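Subject: Structure handover

Hello,

Here is the structure I promised to pass on. Please open it beside this email, and my notes follow below.

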Amino acid sequence: MDATRHNIMAKVERLLDKHPICDQCLGRQFAWLSTDTTNAHRGQSLKLALSMSADEHLKHEDKETGERLLISLAENGMFNPAKQLCEKNKFGFQVIDHCYLCTLGSEGIFERIPRIVQRVQDAISSVEFTTFLVGSSPDPILVEKQDELRANFELLDAETLKSDFNRELGKELARVLDREVDFERPDLVVFYDMVKDHVELRINPVFIFGRYNKLERGIPQSRWDCGECNGRGCDSCGGTGRKYQDSVSEYIGIPAKDALHGSKFKVHAAGREDIDVLMLGNGRPFVIEISKPTIRKPNLEKLAALINEHAKGKVEVTGLAISTRKRFQQLKSESSENVKEYQAIIQTEEEFAEEDLVKAVERLAGVTIEQRTPNRVAHRRSDLVRKKQVNEVKLKKIESKKIDGFFRVQGGTYVKELVSGDEGRTSPSLTEVLGTSCICILLDVVGIHSRQTDHNL
Ligand SMILES: [Zn+2]
Ligand SMILES: [Zn+2]
């Protein structure tokens, strides 16, 4: 094996023989060696050790090697102790002031850090945040130079320029701004483009969890544009561009967006109720995502009061709490694991006896039904057969041909079809087991239960 392969000092000697390299960049080539130090300190230490070795040569018999090393350190190493020793020994040397690995234009990129910090400080004065992370796009020419060096000199323990720079900038920002770096969920990402010398602040969204009740029929869950004009405004929608003038998500999202000074909002809910169905009981879990908020810690009680005041009698929210993107993404998928409770008024075609209802309950409660995608939603959902669990059914005759029904079912069950049978697409159904055609004339969600939504934000 080549004796110099794992000899740091031999590598440093060869590197400095070839290129001017500052302390930071020299240290970076050996960044994964040893610990509890900085790259600048690593580089400086290597230069100091090499200059000691040069001095040793000089003082004890190998004057030529000592002189060569000292001049290399004074020139390409830009190392002050070597410059002093050169002057003392009357060795001539050139003054070099740029590093091969980090100089862009006339300046080293690490020297830009105080200026970048100042720019960030100016830009964030009105932005609320407690954690941040630095990102950057490094200059491709500098990256290529280091890659080439790494291959030519077998630098197996080098760190990339990007990660070195990000850390140094992050350290300085943390110190000056008195905020913490967070690699997982930073409030703010400071992104620096080395080529354009441009700083961009990327404010991460805020997520707010809550539950909503819908107290009035005829309100869709999300904004519903006019189908004739696709939102542009036409005669059939009276120029509004909308099929329905309001929505649950706008009642919740707009005040939230305003309170956080965000740019836009998105509401995800655990499932949805039909437009003619009320959402009662403990409410449906939702998470709002607010983009680019400059306020991250709003007064949530005040926000809830504001929403409930504006949407009085229509929509009401409870239990607002700051949440996470993960929770936001989970909501939809966990919806089918929820247990949902419905209250229905059902109209039957024929007369029935009380005991028919008892039998119907026996045949529906605790069974798994098969539900093919209902005709009425076939245009927006793929046509497949879903198996759904029916946990509990209560049926009470309220008058001739009228039933008060209660259903506790797995999330994602189409309850109107569980009642009607949807021309045989849902089986068994109330129509099937009662032996007469049944339809829901009124339906309300009265409870949504799940382990996750009840205990986790
Ligand atoms: Zn450098
Ligand atoms: Zn229209």
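Does Lys 59 count as exposed or buried? At 58% relative accessibility, Lys 59 counts as exposed. Buried here means under 20% relative accessible area, exposed over 50%, and partly exposed in between (1.4 Å probe, protein chains only).

First, some housekeeping. This is a predicted model, where local features need pLDDT of at least 70 and side-chain atom pairs count only at pLDDT 80 or more, while totals for chains, interfaces and linings use all residues. Residues are numbered from 1 along each chain as its sequence is written, chains are lettered from A and ligands numbered from 1 in the order in which they are written, and side-chain values use heavy atoms, with hydrogens and water left out.

**Salt bridges**

Lys 59 has a salt-bridge partner in Asp 55, at 3.1 Å from N to O. A salt bridge is a side-chain nitrogen of Lys or Arg within 4 Å of a carboxyl oxygen of Asp or Glu. Both residues sit in helix α3 (residues 39-59), 4 residues apart, which is about one turn of the helix. Helices (H or I, at least four residues) and strands (E, at least two) are DSSP runs, numbered from the N terminus. Asp 55, with a relative accessible area of 18%, is buried.

By this rule the count comes to 35 salt bridges. Another one of them pairs Asp 444 with Arg 217, whose closest N and O atoms are 2.9 Å apart. This pair links distant parts of the chain, 227 residues apart: Asp 444 is in strand β16 (residues 438-449), and Arg 217 is in the loop between β7 (206-214) and α9 (248-259). Asp 444 counts as buried at 13% relative accessibility, and Arg 217 as partly exposed at 29%.

Arg 223 and Glu 250 also meet in a salt bridge (3.9 Å, N to O). Arg 223 lies in the loop between β7 and α9 and Glu 250 in helix α9, so this pair ties together parts that are 27 residues apart in sequence. Arg 223 is partly exposed at 45% relative accessibility, while Glu 250 is buried at 15%.

Cys 22 lies in the loop between α1 (8-18) and α2 (23-28) and Cys 99 in the loop between α5 (80-88) and β1 (103-104), so the pair ties together parts that are 77 residues apart in sequence. Cys 22 is buried, with a relative accessible area of 19%, and Cys 99 is buried too, at 5%.

Best wishes
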